Amino acid sequence: MSKRPDPKYPAPHGWLILDKPRGLGSTQAVAAVKRNLREGLYAKTKVGHGGTLDPLAEGVLPIALGEATKLAGRMLDASKIYDFTILFGEETDTLDTEGEVIERSNVMPSLEQVEAVLTQFTGPIEQVPPAYSALKVDGKRAYDRARAGETVELKMRTVTVHALTIADSAKTPREITLTAHVSKGTYIRSLARDIARALGTCGHVTYLWRTKAGPFSENHAISLDKLNEIGNGAPLNDLLLPLEAGLDDIPALNLDQTSAQAVRQGRVLSELPQSDGLYCAMLDNVPVALVELVGGTSKIVRGFNLPDVAE
């Protein structure tokens with residue numbers, strides 16, 4: 001094993017938003033980020049992703065670096081927006097193009113029929129996840145059991161579809177492209193299957209593109225080529241979003257030096273004038289901690305150990 005070169009730069013903290021290409025898994029994307037940081041001579045950095053994206057899917061994959069990995073769980077809970085194409089007339093065992101066809105139909109719904117049925121799939125809905133999913137059944141991944149020929153039975157779950165619309169100019173005789181804004185835990189492949197069945201036919205997903213994950217959209221995303229430039233010496237700061245970019249829905253609580261030091265030491269702040277709720281405590285432009293305010297008293301939810309924070 002070759003020796004890791006001595007780092008030239010400190011470990012970074014923040015977000016890289018990757019425009020994940022088709023065929024690359026989320027774990028492989030994390031590995032690619034680690035490799036480029038290593039080759040770019042950055043100190044060893046903790047790296048994680050903010051929401052699995054299937055290898056066949058494309059689009060926005062938030063990658064958390066350093067202290068931002070403490071927010072990866074919040075990103076998993078965030079809503080997502082997808083564009084996806086349903087091919088009518090064939091259902092596969094994987095509900096996408098990788099699987100074998102298990103059902104066929106000659107029924108091809110019209111645009112008006114599709115539009116009429118979408119209201120059934122808006123709001124809280126119940127769906128059964130695909131057998132080929134990463135959910136665990138008795139300690140083993142469902143897709144491993146399915147690939148081994150086992151019959152996989154997954155429990156129905158409640159998810160929320162905030163909005164479901166037909167994409168512009170997105171209908172051919174056999175295919176239609178939809179845009180869905182969904183809660184965590186929603187399986188687009190299951191949604192496509194159920195829409196097709198509600199139309200009296202069958203179908204599977206041929207294209208899946210995530211356009212937004214939490215606060216991060218396609219406008220923030222960088223290509224693999226851009227990522228690889230980091231390993232060749234390109235400045236990381238040109239591509240890195242700050243840690244607090246993942247907290248755009250949370251108001252800031254501005255602290256002075258003394259209060260920031262108290263929070264860093266785990267001490268409670270009292271008699272704060274702000275209303276109850278979650279805040280990002282900041283010293284100047286540097287996040288110190290996520291704090292919960294109740295009755296003017298702060299409770300630390302998650303502290304950040306960023307080197308810029310004055311001791």
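I began with Lys184, which comes out as partly exposed at a relative accessible area of 46%. The model I am reading is a predicted one, and I kept that in mind for every entry below.

Entry 1, the partner of Lys184. I looked up which residue the side chain of Lys184 meets in a salt bridge, and found Asp77, with N to O at 3.2 Å. Lys184 sits in the loop between β11 (175–182) and α5 (188–198), while Asp77 belongs to helix α2 (residues 72–77), so this pair ties together parts that lie 107 residues apart in sequence. Asp77 is also listed as partly exposed, its relative accessible area being 48%.

I next checked Arg197 and found a salt bridge with Glu91, in which the closest N and O atoms are 2.8 Å apart. Because Arg197 lies in helix α5 and Glu91 in strand β5 (residues 90–92), the pair joins parts separated by 106 residues in sequence.

Are the two partners here buried or exposed? Arg189 is buried at a relative accessible area of 6%, and Asp96 is buried at 10%. Their salt bridge has its closest N and O atoms 3.9 Å apart, a value I set against the cut-off, since a salt bridge is defined by a nitrogen-to-oxygen distance within 4 Å. Arg189 lies in helix α5 and Asp96 in the loop between β5 and β6 (101–104), so the pair ties together parts that are 93 residues apart in sequence. I also recorded that Asp54, Asp96 and Arg189 are linked in a network of salt bridges. For the whole model, the count comes to 10 salt bridges.

For Phe84 I listed the contacts beyond four places in sequence, and among them are Leu164, Ile176, Leu178, Ile188, Leu191, Tyr207 and Leu208.

I followed Leu208 because it is buried, with a relative accessible area of 11%, and I placed it in strand β12 (residues 203–213). Leaving out residues up to four places away in sequence, Leu208 touches Leu56, Ala57, Glu58, Tyr82, Asp83, Phe84 and Ile188. I also looked up the separation of Leu208 from Ile195, which is 13 residues away along the chain, and the C-alpha atoms of the two are 15 Å apart.

Two packed helices are described by the distance between their axes and the angle between them, and I looked up both values. The axes of α1 (residues 26–39) and α6 (residues 224–231) come within 6 Å and cross at roughly 30°. On the α1 side the contact is made by Ala32, Val33, Arg35, Asn36 and Glu39, and on the α6 side by Leu227, Asn228, Ile230 and Gly231. Sorted by class, this contact has four nonpolar, three polar and two charged residues.

Terms used: Residues are numbered from 1 along each chain as its sequence is written. This is a predicted model: local features need pLDDT of at least 70, side-chain atom pairs count only at pLDDT 80 or more; totals for chains, interfaces and linings use all residues. Side-chain values use heavy atoms; hydrogens and water are left out. Contact means heavy atoms within 4.5 Å. Axes are lines fitted to C-alpha atoms, for helices over the stretch in contact, and angles run from 0 to 180 degrees between N-to-C directions. Helices (H or I, at least four residues) and strands (E, at least two) are DSSP runs, numbered from the N terminus. Ala, Val, Leu, Ile, Met, Phe, Trp, Tyr, Cys and Pro count as nonpolar, Asp, Glu, Lys and Arg as charged, and the others, Gly among them, as polar. Buried means under 20% relative accessible area, exposed over 50%, partly exposed in between (1.4 Å probe, protein chains only).
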